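Reader: I am new to this structure and would like a guided tour. Could you take me through it step by step?

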Amino acid sequence: MQMLNEQQVTFFETFGFIILRKVFSEEELAKMNDEFETSLKIIQRERPDNEPPKHFNWSNLGPETPFLSLLPEDTRICETAEQLFSKNVVAVSSNSNRRVGDTRWHTDQSHPHSYGLKFAAYLQPLNSDNGAFRVIPGSHKQPFNDTLKHIEMDNPEITVPYYSCDSAPGDIIIFNFATWHSSWGGSFDRRMCTVDFYKNPETPEEVEGTYDQVIVDEKVYANIRASGSGFHPHWLANANNSPRRQRWIDWLRKYGFVKSEAA
Amino acid sequence: MITEQQVYFFKTFGFLVLKNVLAPDELNKIQDEFSIGLAKMDESKMGASVRKQYNWTNLGPDSPFTASLLEDERFYGVAQQIYGDDCMGVDSHANQYNGDRSPWHPDIREPGPDQFSGFKFTFYLAPVDGNSGALRVVPGSHRPGFSAEVEKVFLKDNNPGPDDDPGLAVNEVSAHICVSEPGDAVIFDYFVWHSSWGGSKDRRMVSLQYYKNPKTPEEEEGMRQMVTFRKNFNKGFKRVTKLYPDFWLANPNNNVMRAQWIEQLQKWGFIDPVIA
């Protein structure tokens with residue numbers, strides 16, 4: 001079954017993002033909020049009491065977050081990723097983020113030949129004034145993408161043009177890693193769950209990009225990961241013998257995202 | 001004059017907002033001249049689209065101040081920064097919109113951006129925001145590749161899809177909203193996709209228009225195509241095909257810039273040759 005209609009696919013390909021409304025039910029949202037809150041409390045218990053609010057990122061692939069750990073295999077998500085990129089996309093993370101304040105303009109693409117998609121579900125209602133996801137529509141495409149590197153985005157005389165992806169709990173924003181995005185005016189407790197997919201490399205340049213992504217991911221998570229590894233043994237055990245998950249695990253091992261000792 | 005970063009911004013995104021470029025006394029003069037022009041409009045001159053638009057030139061005797069803005073260095077100086085010293089000031093329009101939206105469109109599709117370059121300053125004479133008729137732009141959509149992608153998106157008003165999925169309303173397209181106060185200017189490339197949503201029945205806008213002087217045979221051909229394009233545009237507003245009023249062509253103050261532009265416009269065929 002095709003998750004998106006033809007116009008939605010065209011929209012995504014044209015603008016580099018799309019908002020899907022009311023994907024999660026109230027019951028599902030309650031589970032997501034509970035699991036998020038439980039994990040956050042554990043992390044905060046391990047932090048100094050006087051530490052100022054900061055960005056926490058943690059993996060949802062452990063046993064303490066059963067609903068969130070299954071999001072990558074939720075057909076509403078993985079089949080949409082397959083429709084937008086290809087059947088061979090690989091889920092590489094299911095994360096929670098407690099974000100603090102502004103996020104400056106950036107892309108999530110680390111290498112010109114590394115391609116990916118992010119599904120982002122914000123757990124609070126957000127608009128352009130309180131931290132909603134902002135995008136520069138169409139900025140995932142070259143040469144537009146590269147020209148933006150020369151815009152002085154922090155120059156107070158420059159107002160970067162954007163579209164604000166106002167969202168409500170239950171919505172999902174899907175965006176291409178290469179799409180320029182930011183968030184402004186957010187609170188010190190902005191909550192987001194994400195699932196990332198990488199495109200299976202098909203050219204020598206894309207293979208190089210994928211290996212480069214391993215290094216970048218290690219560096220990024222070393223900076224922002226609040227605790228634990230991205231790939232919990234519980235998830236890697238694949239107790240239900242999901243063929244899709246097994247394909248992903250094999251791929252993650254092949255490229256070095258999962259180290260052998262983590263198995 | 002604008003900064004190098006603003007020039008780069010314009011070339012990257014296809015538009016630029018400049019704040020407070022017109023003084024209150026200048027705005028008053030423009031408003032007065034606008035009212036004189038509007039009083040001469042009747043329904044027979046209204047453009048046939050949901051915009052319900054009146055459009056007339058400011059280069060006639062009723063609007064000498066607005067016409068003079070084309071020759072004001074604050075504006076042609078910006079055009080020179082973008083297109084070079086020999087760029088051409090080509091027109092100034094007044095627009096009154098009575099519809100609640102302007103559907104998505106670029107101002108020009110043919111000749112393409114490899115053959116022609118031009119932009120307009122727009123001045124909205126009342127405050128406008130996202131729900132009251134502000135200009136909406138898809139940033140970067142003046143580039144041919146991106147423009148072709150936007151062309152594929154179904155739009156309810158002017159590029160509808162099938163009945164069960166007619167496409168996006170104007171305000172559903174991902175876009176930047178150019179919030180503007182009287183005195184501000186929004187500059188945009190003719191090829192950038194733009195629209196407006198939620199405008200009042202008396203939304204007023206004045207524009208100044210500049211072209212790059214052709215440098216290549218392809219650009220020369222593009223400029224010739226623009227002559228036909230503009231004559232057809234005039235027909236859409238039930239105007240005579242003559243593009244320039246005698247008042248402006250007479251150049252009574254011997255303005256040097258205007259004299260150069262008239263010479264260029266004659267050369268390309270925008271101004272019919274005088275028959276002796």
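Predicted model: local features only at pLDDT ≥ 70, side-chain atom pairs only at ≥ 80, totals over all residues.

Reader: What pLDDT does chain B average?
Author: Happy to start there: pLDDT is the predictor's confidence in each residue, from 0 to 100. The model scores ipTM 0.88 and pTM 0.91. In chain B, 95% of the residues score at least 70, and the average pLDDT is 92.

Reader: How many helices and strands does chain B have?
Author: Both kinds of element are DSSP runs numbered from the N terminus: helices are H or I with at least four residues, and strands are E with at least two. By that count, chain B has eight helices and ten strands.

Reader: What is the radius of gyration of chain B?
Author: This radius is taken over C-alpha atoms, and the globule rule is 2.2 Å times the number of residues to the power 0.38. For 276 residues the rule gives 19 Å, and the value for chain B is close to that, so chain B is as compact as a globular protein of that length. Its C-alpha atoms fill a box of roughly 60 × 45 × 40 Å along the principal axes. The radius of gyration itself is 18 Å.

Reader: What percentage of the residues in chain B are buried?
Author: A residue is buried if 20 or more other C-beta atoms lie within 10 Å of its own, exposed if 12 or fewer, and partly exposed in between, with C-beta atoms placed from the backbone. Of the 276 residues in chain B, the buried share is 42%.

Reader: In what order do the six strands of the open sheet in chain B stand?
Author: Strands pair if DSSP finds at least two bridges between them, and the pairing in this sheet is antiparallel. Strand 1 (15–18) and strand 2 (53–57) of chain B each have a single partner strand, so they stand at the edges with one side left without a neighbour in the sheet. The order is 1-8-5-10-3-2.

Reader: Which residue stands opposite B:Gly118?
Author: Look at strand 5 (residues 118–124) and strand 10 (residues 203–211) of chain B, which run antiparallel and are joined by seven bridges. In strand 10 of chain B, the residue opposite B:Gly118 is B:Tyr211.

Reader: Which helix of chain B packs on the sheet?
Author: Contact here means that the C-beta atoms of two residues, placed from the backbone, lie within 7 Å. Axes are lines fitted to C-alpha atoms, for helices over the stretch in contact, and angles run from 0 to 180 degrees between N-to-C directions. The helix in question touches strand 3 (88–97), strand 5 and strand 10 of chain B, and its direction makes about 45° with that of strand 10. It is helix 4 (residues 73–83).

Reader: Which helix supplies the largest share of the side of chain B that touches chain A?
Author: Across the interface, 24 residues of chain B are in contact with 23 residues of chain A. Helix 1 (4–13) and helix 5 (144–151) of chain B each supply at least two residues of that side. The largest share, five residues, comes from helix 1 of chain B.

Reader: Which residue does a cis peptide bond join to B:Glu110?
Author: The bond has an omega of about -5°. Its second residue is placed in the loop between strand 4 (101–105) and strand 5 of chain B. That residue is B:Pro111.

Reader: Is B:Asn20 buried or exposed?
Author: B:Asn20 sits in the loop between strand 1 and helix 2 (24–39) of chain B. Its phi is near 50°, a positive value in a residue other than glycine. With 10 other C-beta atoms within 10 Å, B:Asn20 is exposed.

Reader: How many residues of strand 8 of chain A are buried?
Author: Strand 8 (residues 172–176) of chain A is mostly covered. A:Ile172, A:Ile174 and A:Asn176 point one way from the strand, A:Ile173 and A:Phe175 the other way, and all are buried.

Reader: Which residue is the bridge partner of A:Ile19?
Author: Strand 1 (residues 17–20) of chain A pairs with strand 8 of chain A in the antiparallel sense over four bridges. In strand 8 of chain A, the partner of A:Ile19 is A:Ile173.

Definitions and conventions
Residues numbered from 1 in each chain as written. Chains lettered and ligands numbered in written order.
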